Amino acid sequence: MNVTTLIDATIATIIPHGEIDHTALPKLRAVVAALPRDVAEVVWDLKDTPFIDTAGLHLLVDPPPADVPPRRATVTGIQSQPLRVLRTAAELFPTLEFARLLPGARQHEAAA
């Protein structure tokens with residue numbers, strides 16, 4: 001898997017190119033761990049990610065290791081299969097806050 005990382009001030013955009021599954025997870029976690037400490041938000045741009053499984057869900061909501069600062073995660077460019085997985089996870093596991101990653105969730109937060 002190839003990964004593009006763009007950093008603008010305190011926001012890092014990570015663009016995985018390929019499927020996010022168990023084999024891709026270690027590389028993507030390493031990318032997040034290597035971000036500068038002042039990055040406060042990670043935007044996962046999934047425009048080049050046609051498939052995720054539970055590994056992708058873990059990547060989006062699992063807390064970081066102790067030596068990595070907590071960061072807000074957002075998702076953009078989500079394709080149909082990852083969107084279905086994310087919607088299903090939001091329905092089945094509401095306490096894990098998958099719903100905040102769904103398209104339109106940020107507008108809901110801003111209006112609240």
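So, L92: with 58% relative accessibility, it counts as exposed, because exposed means over 50% relative accessible area, with a 1.4 Å probe and protein chains only. L92 sits in helix α3, residues 80-92; helices here are DSSP runs of H or I with at least four residues, strands are runs of E with at least two, and both are numbered from the N terminus.

Quick word on what we're looking at. This is a predicted model, where local features need pLDDT of at least 70, side-chain atom pairs count only at pLDDT 80 or more, and totals for chains, interfaces and linings use all residues. Residues are numbered from 1 along each chain as its sequence is written, and side-chain values use heavy atoms, leaving out hydrogens and water.

Back to L92. Together with F93 and L96, L92 makes a nonpolar patch on the surface, with about 310 Å² of accessible area in total.

Now the hairpin. Strands β1 (residues 2-8) and β2 (residues 11-17) pair in the antiparallel sense over 7 bridges; to pair, two strands need at least two bridges found by DSSP. Which residue in β2 is the bridge partner of D8? That's I11. The hairpin has 2 residues between its strands, and A9 in the turn has a positive phi of about 60 degrees.

The largest pocket holds about 410 Å³ of space. Of its 22 lining residues, V32, L59, D62, P63 and P64 are the closest to the centre; lining means having an atom within 4 Å of a point on a 1 Å grid, and a pocket is an open set of points where a 1.4 Å probe fits, with protein on both sides within 12 Å along at least five of seven lines. Helix α2 gives the largest share of that lining, 4 residues.

Methods:
Patch = residues over 30% accessible without salt bridge, like charges linked within 9 Å, V, L, I, M, F, W, Y side chains within 5 Å. Areas by Shrake-Rupley, 256 points an atom, 1.4 Å probe, with all protein chains shown as cover. Salt bridge = Lys/Arg side-chain N within 4 Å of Asp/Glu carboxyl O. Buried < 20%, exposed > 50% of the residue type's maximum accessible area, 1.4 Å probe, protein only. Points joined across faces, edges and corners; volume = space filled by probe spheres on them.
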